[in-house]
Structure formats: C-alpha cells, structure tokens
Amino acid sequence: MNNTSKRMSAAGLLIAIGIVYGDIGTSPLYVMKSIVTENGGIANVNRELIVGSISLILWTVTLLTTVKYVMIALKATNHGEGGIFSLYALVRKRAKWLVIPALIGGAALLADGTLTPAVTVTTSIEGLKNMRFGDVIPVPSQEVVIMITIIILVILFSIQRMGTSVIGKAFGPIMLVWFTFLGVVGIANLSHDWSLLEAINPIHAIRILFSPANKVGILILGSVFLATTGAEALYSDVGHVGKANIIGSWPYVFVCLSLNYLGQGTWILHNVSYHAGNGDFNPFFEVVPSNLRLFAIALATIAAIIASQALITGSFTLVAEASSLKFLPRMNIIYPSTEKGQIYIPSINKMICVVTVAIVFLFRTSHHMEAAYGLAITVTMLMTTILLFEYLGKKGKPLYLRLIFLIAFAFIEGMFLISSLTKFLHGGYVTVLIAGFILAIMYVWYYGNKVRDKRESRNAYVRLDEYTDMLTNLSHDEDYPTYATNLVYMANVKYNKFIKREILYSILDKRPKRAKAYWFVTVNVTNEPYTAEYAVNTYGTKNVINIQLYLGFKKQTSVNVYIRQIVHDLIADGTIEPQPQEYTTIPGRDVGDFSFVIVNDVISPQTQLVGYEKWLVEARVRLQNLSSNPASWFGLEYADTVIERVPLILGRPNPSYIKRIKPKDYSNAKK
C-alpha cells in the first residue's frame, strides 16, 4: 500500500499517537522546570511570570505546530513522504540555491535526533532519584541515573529492526494513556484555580517578554521553544502513518498538553514556598499525587522512549531521502513491513546510538542537556520556512500571502534561534559540532558530484549498441583466455543504450576480458513491495545483454540469484548461446560460471582540477570508499565479485610531450 493512500482510521490514529508525538508529548517533563530554573528558582516566580510563560507556550505550539506544520507543511508531501528533504524535492527546480537551506536544515534535524533520546530518557529517570521505597533508595545518585538511562537507550536502538508498524502498535495504546494522564492530572490541578485560563490570551505572552518579573528577558524563549521541538519530527514521520491520521489525532494531543502546562502552572503558584529537600525540582512530578508518583515516573519513562522513537524513525526517513537526492552515499536500507515509508537503516541506527550514549556521558544531567537541546531544531524550522515559502509559490499562492507567511514565521523562529544561541557555550556547541559534521559530509557528497558532473568529459558516456560487434568478436576470439563464462557488470544503462565509457574500458582496454556473454545489469527499485520483473535487450546479438531489473522495495536485491534464472530463461528460448559444462558436479548443468564486476572511481593524476574543486572531488571519492561495501547493495557478498578501480579524469588534460634525443656517446669518457 502506498503511503498516499493511508486514510484516517481508529488503528491509524492509534499508531500515529504511538509514533509521531513522542517528542512533543514529553515536553511537559522539562519545559516548566527549565523556565522556573532559568528565572532563579520557584522562590522568584509570581503570577505574571507563570501566566505569561504558559501563554507563550500555548501560542508557540499553536503557531509553529498547529498552523505551520499540521495545517500547511503536511500538505507539502512528496508521494506521501514528509520532512525537509521531501519538501526540497518538491521545490528544487525553482532555484538552485534552495539546496543550501535543505542541507543545513537536514543536518540540524539529524543532529537533533541524537539529543532527543538523551534528554528525554534522562529527565524521566531523574524523577526516581532519591525516591524512597520502604528503607531502600534504588536510585541514590546521578551515576545510577546515567547507568539506567544508557541501558534503556541501548535496548531501544536494538529493537529498531522490528519496524515502526510493530513498535507503533505496541506504543500507541501506551501513548494514548500518557496523553490522557497528562490531561487528567492537568485539569485536576487547574480546577483549584480556573483563572489561570487567562493564559489563553496572547497579550500575556507579549507582556512577559518585557516584564521585570521575567529575569532573563527574551532569553525565556529558549526554554519555551522546548515545548514545540517535536513539530519537525511530526512532519518527518508523516510517511510512516499518513497525514490524515496526524491531522485527526493532533487536536486531542494538543488539548492534553495544554491542560498539563496549565496544571503545572497552577501548582507552582500555590506552592511558591516549596523547597526540594534533595535540591531537585521538577513541577511535572510534583503535580502528581504522591501515591501515583511511581506510576507517573514509569509512564514518563516509557513516553520518553517513544519520544526517542519518533526522532529515530524520522532520521531513517531523512537519510533515505538524502541518499536519493545524492546528499549522502547509498546505504543498505531494510524494509521491516510491506509499507515503503517504514524503513530501518542499520548503519544510521548504530551511529545515532553511539552519539546519544556519548551525549549522556558528556552532559550527565538533563539540565545540562537542555542547553544543547532546541538549538538544532530552531535552525531546521527556519530552513523549512524558507522552503515552504517556495512551495506556496509553486502552488500559485499570491506573493503577499507568501511574504506574510515568511516574515511572520521567520521572525518568530529567528527570535527562538537568537535565544537558543545564548546557550552556545553551555552545551549548544555540541549541537553545532554534530550538525556541522553531518553538513560537511552532505556538502562534500553533493557538491563533489556536481563538480564531477560538470568537469567530466563529454565522452564519459558511449552507446552500448555501437560496441556490440567488438564485444561479440572478443567473445569468440580464442587468442584470449576466457575470463568468465558470464561477465556481469553492475552498470546503470541510461535510456536502454548509454553506458559509462569506463565500463567498456574495463572490458576492452585494461586487459581484454573474454567471456561467453557480457551482461550489463541495472537495478530499478519500484514503489510496490514485491515486484520482481526484468526486461532484456540484446541489440540483435547472442553475447551482449542489457538487463533492466525491476524489484520492489521489499525484495532483496539478490542479483546473483536472479541472473542465474534469467540465463536459464534466455538459453531456453534461444536468446543467448547455450553454456554446457563439461566439468561439473551437477548433471545436466547448462549455465556457466559468473564473475561480477563493480567499477569504482579513483582520481587520475591527469585530472586537471586544482585547489578547492580538486579537494572536493578527492574527498567525495574517499567518502565513497568509506561507505558500505557496494557488493552488499546488490546481494553479491558470496558471489565471485571484483571491485575494479578505474581512473577518473576530470577537466581537459594537458597533453604531455617528451623530446627524443640521440643516445649519449660515452666512448671518450675517462675510465
């Protein structure tokens, strides 16, 4: 089933709640705590601060999450997939420079995917610290918190292979209980002071930014922004559940979140003399009755795990899209279910796991992590706003409406970005380093390909059908030893006839490779899960075969298996010559041996690139060689596979001449 066909259903709504809202749904764990702590503690709060802060939270979530993402961005899906890269794919033809916000935003969002699991799980486990159960304190120190957090994170990353469908069905009911719990606890506390509903008035949000009750001024936005950090993940995860299910489930989620913030605010105002005996203070856990505290911590921990899940699945989608846009090298992608949007990328899963655990060790407490949290996502949101401005133009919206959208959201997100940047030295630098590393990889791969395509010789591609006579003659030329019965090149044959010259160079020039049949195989991945088809073009020969494989995204790319069946088929119908085997352990074997060749580039010394362009292409080639083994992409791990390196000559090489001279006469030389 294609993602675009997903319609709203009870099961779909439940899975959406289980997958999509984990990040934004755990914001109540730390937003009010951060606001109060940054203002100097609970002793320094008053009604104006609390009402104004909650008003800022409610309107931030309304504008950024509801209006921008649910009402506008969810309409900008590419074949059912969302996220900043899908959005870029929709608008990239409008201007070349749009690749810049796409690269920056994508790198920042992937960096955020390493921070969310660390901060949410740590915050939840900290709720257990110093809690007494009879005469026992199971979590007496932050070291124990760290240990438990890491164990949970490792387990979480270990179950990703199961797929989001299975995980969503398991997490959906739990998250439904979580949001209901948030709403019930919130309204129970709000019932003690209904007047706090005045926070709905946006005037209070504006006033608190300039009020002396707010000791940090506009920097309060850095804490407020944490309430909407899951909005971008909501957009990225649309391919996993469908936009109809997100639109249908968001109102309930929003109401429950709003009630909880209001409930926390009510408790704070009625407990301004509160003093935490152990020095820790989190209003989220304090608003819960003491007899339900353990239940709240357990539920919060599970919700934090699900929050991490939302960013992890979103990261998989982003990386897959980045690969298709040539922002990142090709990676091994696993599809755990029959729906294309639900994917698992082992290498990315391991990478995020390692970085997330390292962040826990580095920052140690959730308060320190909050300094780094949010900075990356503000950058992504700002870049998404720029791309949405172009998307609205593509859809024919009037310029004045587009400008209103751009100015309004760029101003709001710009203010949040400035506020977050003030935390740079307190942890924000880690976010910048992670995002910068990812951005550097994407920049090298994308622009390295651009330079290569620009500088590549016009003769880089040749017509395969113009070389069929030469290949046929080589096939029957007994002056050359047989290299293989079937020589198979994994090559992208464009328009059924154009092939890179380096492929034919490998066969004809390096050392002529004689084979009974030359196969040029192109793998095309379809949008259906289990497609298994092939098309053949022999150009009127019995020795040169162009195979176009059409494989569903769920089908294993086992070229070694498919090509053997194709050889049987083509021998049976007389398309190619028989391949009887005299020496074999299999009676009646009619298919010969295979040798698979994959051609990789190396920079030739004749390349006439200098400076920046030369460095960029060399870095791109190194990155290609560091990525996963290309044989695994085609299911050739156990086949006779050769990875050849051919010289990549870019630019117009200057001809090198050497002058011939007469041999020197040494007859009169002194002995």
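Let me begin with R47, which is partly exposed, with a relative accessible area of 31%. Here buried means under 20% relative accessible area, exposed over 50%, and partly exposed in between, with a 1.4 Å probe and protein chains only. The model before you is predicted: local features need pLDDT of at least 70, side-chain atom pairs count only at pLDDT 80 or more, and totals for chains, interfaces and linings use all residues. Residues are numbered from 1 along each chain as its sequence is written, and side-chain values use heavy atoms, with hydrogens and water left out.

I turn to the salt bridges. The structure holds ten of them, a salt bridge being a side-chain nitrogen of Lys or Arg within 4 Å of a carboxyl oxygen of Asp or Glu. In one of these, the side chain of R47 meets that of E198 at 2.9 Å, N to O. R47 lies in helix 4 and E198 in the loop between helix 8 (164-190) and helix 9 (202-208), so this pair ties together parts that are 151 residues apart in sequence. Helices (H or I, at least four residues) and strands (E, at least two) are DSSP runs, numbered from the N terminus. E198, at 31% relative accessibility, also counts as partly exposed.

A second salt bridge joins the side chains of E390 and R94 at 2.8 Å, N to O. This pair links distant parts of the chain, with E390 in helix 18 (residues 375-394) and R94 in the loop between helix 5 (84-91) and helix 6 (99-126), 296 residues apart. Is E390 buried or exposed? At 10% relative accessibility, E390 counts as buried, whereas R94, at 38%, is partly exposed.

Next, helix 3. This helix is mostly covered, as six of its eight residues are buried. The buried residues are V31, M32, K33, S34, I35 and V36. I35, in helix 3 (residues 31-38), has a relative accessibility of 2% and counts as buried. Which residues does I35 touch, not counting residues up to four places away in sequence? They are S53, I57, I220, S223 and V224, where contact means heavy atoms within 4.5 Å. The C-alpha atoms of I35 and V224 are separated by 7.2 Å, although the two residues are 189 residues apart along the chain. Just after helix 3, G40 takes a positive phi of about 105°.

Returning to helix 4 (residues 47-72), we find T62 there. T62 counts as buried, at 19% relative accessibility. Leaving aside residues up to four places away in sequence, T62 touches V67 and F254.

Finally, the surface. A positive patch includes K75, R92, K93, K96, K243 and K326 among its members. Patches are made of residues with over 30% relative accessible area and no salt bridge, with like charges joined within 9 Å and nonpolar side chains (Val, Leu, Ile, Met, Phe, Trp, Tyr) within 5 Å. Lys and Arg count as positive and Asp and Glu as negative, while His and the chain ends are not counted. K243 is in helix 13 (residues 243-269) and is partly exposed, with a relative accessible area of 36%.

Methods. Areas by Shrake-Rupley, 256 points an atom, 1.4 Å probe, with all protein chains shown as cover. Charge placed at Lys NZ, Arg CZ, Asp CG, Glu CD.
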